[in-house]
Amino acid sequence: MCVFCVRTEVKIPTTLGFGTRCHDVRTPKVLPGLWRGKYFSSGGEPAENQVTPMLRHLIYKIKATGPITVAEYMKEVLTNPAKGYYVYRDMLGEKGDFITSPEISQIFGELLGIWFISEWMATGKNAAFQLVELGPGRGTLTGDILRVFSQLGSVLKNCDISIHLVEVSEKLSEIQALTLTEEKIPLERNAGSPVCMRGVTKSGIPISWYRDLQDVPKGYSFYLAHEFFDVLPVHKFQKTPQGWREVLIDIDPQVSDKLRFVLAPGVTPAEVFIQRDEIRDHVEVCPEAGVIIQELSQRIALTGGAALIADYGHEGTKTDTFRGFCGHKLHDVLTAPGTADLTADVDFSYLRRMAGGQVASLGPIKQQMFLKNMGIDVRLKRLHGRSHPMDACQSKPSVSPVAGFGELTWR
């Protein structure tokens, strides 16, 4: 896991960045017209294919229009309004498919809250700022940040703060509202408006929900994207003797309810995103990530602020990172679509290029280093001491680490 930052051009003695991934993947093998990727399953052999509603939808789509790109596959599987994996389910936590840092320990969000306040102070203590989170999960991370804002209320007392959450999932939006808002003040709902919901947080701060970043008001803002970019749709390309060929997804001719990877017979539009000096023989490109980074950079250059991105990624060095997760295990990406999370590592070198020269780009550095720079060891000792007070017969508190500390700082 790594941390990456874009901000206005100011000299602040803080360094941020991202880290390396926990899974490396071998370069895929190419056969005439067929691509055999190292896509994952939870066992040695691909799991028996389950004919899900999403699989039926994809089969109908492919029969009607032909093979689809990996990017289109990811978008349909994850965010299809009727059947998408993210739209109507809570996939986080022990009973879900994966766990993120905010669900492990409160320390992560608390340190991010301190970072945002530090940035706000270093850039002149603006009279107001927006905290904008992209893909807020259950709202746990924003909740931990808001707790720090309340604890440091004397510092922020003259600042007008508002919270803006960008979330495509109706299910998660409802969970976020339960986590963050004051129950006594009813939410305003308007499905047809760019602002889906409005409310007030438990600490009295205005909060709004949106489906798209474009709908968030422009203004001095701090943007947060934690494990957001790694689920954006990627196009995959394989180098062949005939040049770059895009990896597509088609119906297996041997099994009518099974999908397979194939290579496009000719050039496809997304090839323009491949660098001319690219030396890898397999690449993943994410145009949507570039669009979002450009939007963030333009907003920050125009009105001030910063964006903090924490995700799994690399510096343009990895090849096939596309994989699925179901029940906290690796899952074949083409098996039972709609039942598992799909993800691909973020190319931070690409994000840096897309940010351009209008803002400063810092990082990536490993999450472990970022948290240590922010004082996670000091915070751990305080929590540890509070949880394990001195016994009259002991000179030291009993040794029992705060839950999740190891997972937050693993290499």
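Hi everyone, let's start with two helices: where α4 and α5 cross, the crossing is right-handed. Before I go on, please keep in mind that what you see is a predicted model.

So, which residues are these helices? Helix α4 covers residues 106-122 and helix α5 covers residues 140-151. Their axes lie 7 Å apart, and the packing angle is about 55°. Angles between 35 and 65 degrees fall in the oblique class, and therefore α4 and α5 are oblique to each other. Which residues of α5 meet α4? They are Leu141, Asp144, Ile145, Arg147, Val148 and Phe149. On the α4 side, the residues include Phe108, Leu112, Ile114, Phe116 and Ile117. Sorted by class, this contact has nine nonpolar, three polar and three charged residues.

Now a second pair. Helix α8, residues 287-303, packs on helix α9, residues 348-355, at an angle of about 45°. Here the axes are 8 Å apart. α8 and α9 are therefore oblique to each other, and α8 passes α9 in a right-handed crossing. From α8, the contact uses Pro287, Ala289, Gly290, Ile293, Gln294 and Ser297, while α9 brings Tyr350, Leu351, Met354 and Ala355. How many charged residues does the contact of α8 with α9 have? There are no charged residues, but seven nonpolar and three polar ones.

Let's look at Phe229. Setting aside neighbours within four places in sequence, Phe229 is in contact with Ala289, Ile292, Ile293, Ile309, Asp311, Val346 and Leu351. As background, nonpolar side chains in soluble globular proteins tend to be buried together.

Let's visit a loop next. Gln275 sits in the loop between β13 (259-263) and β14 (282-285). Is Gln275 buried or partly exposed? Its relative accessible area is 33%, so Gln275 is partly exposed. Tyr350, which we met in α9, is 75 residues away from Gln275 along the chain, yet their C-alpha atoms are separated by 9.6 Å.

Finally, let's zoom out. The chain has twelve helices and 21 strands, and 55% of its 411 residues count as buried. Among contacts with a separation of 6 or more, 74% join residues 24 or more positions apart.

Definitions and conventions: Residues numbered from 1 in each chain as written. Predicted model: local features only at pLDDT ≥ 70, side-chain atom pairs only at ≥ 80, totals over all residues. Heavy atoms only, no water. Axes fitted to C-alpha atoms, helices over the stretch in contact; angles between N-to-C directions. Helix = DSSP H or I, 4+ residues; strand = E, 2+ residues; numbered from the N terminus. Parallel < 35°, antiparallel > 145°, perpendicular 65-115°, else oblique. Left-handed = near helix turned anticlockwise from the far one by under 90°. Contact = heavy atoms within 4.5 Å. Nonpolar A, V, L, I, M, F, W, Y, C, P; charged D, E, K, R; others polar. Buried < 20%, exposed > 50% of the residue type's maximum accessible area, 1.4 Å probe, protein only.
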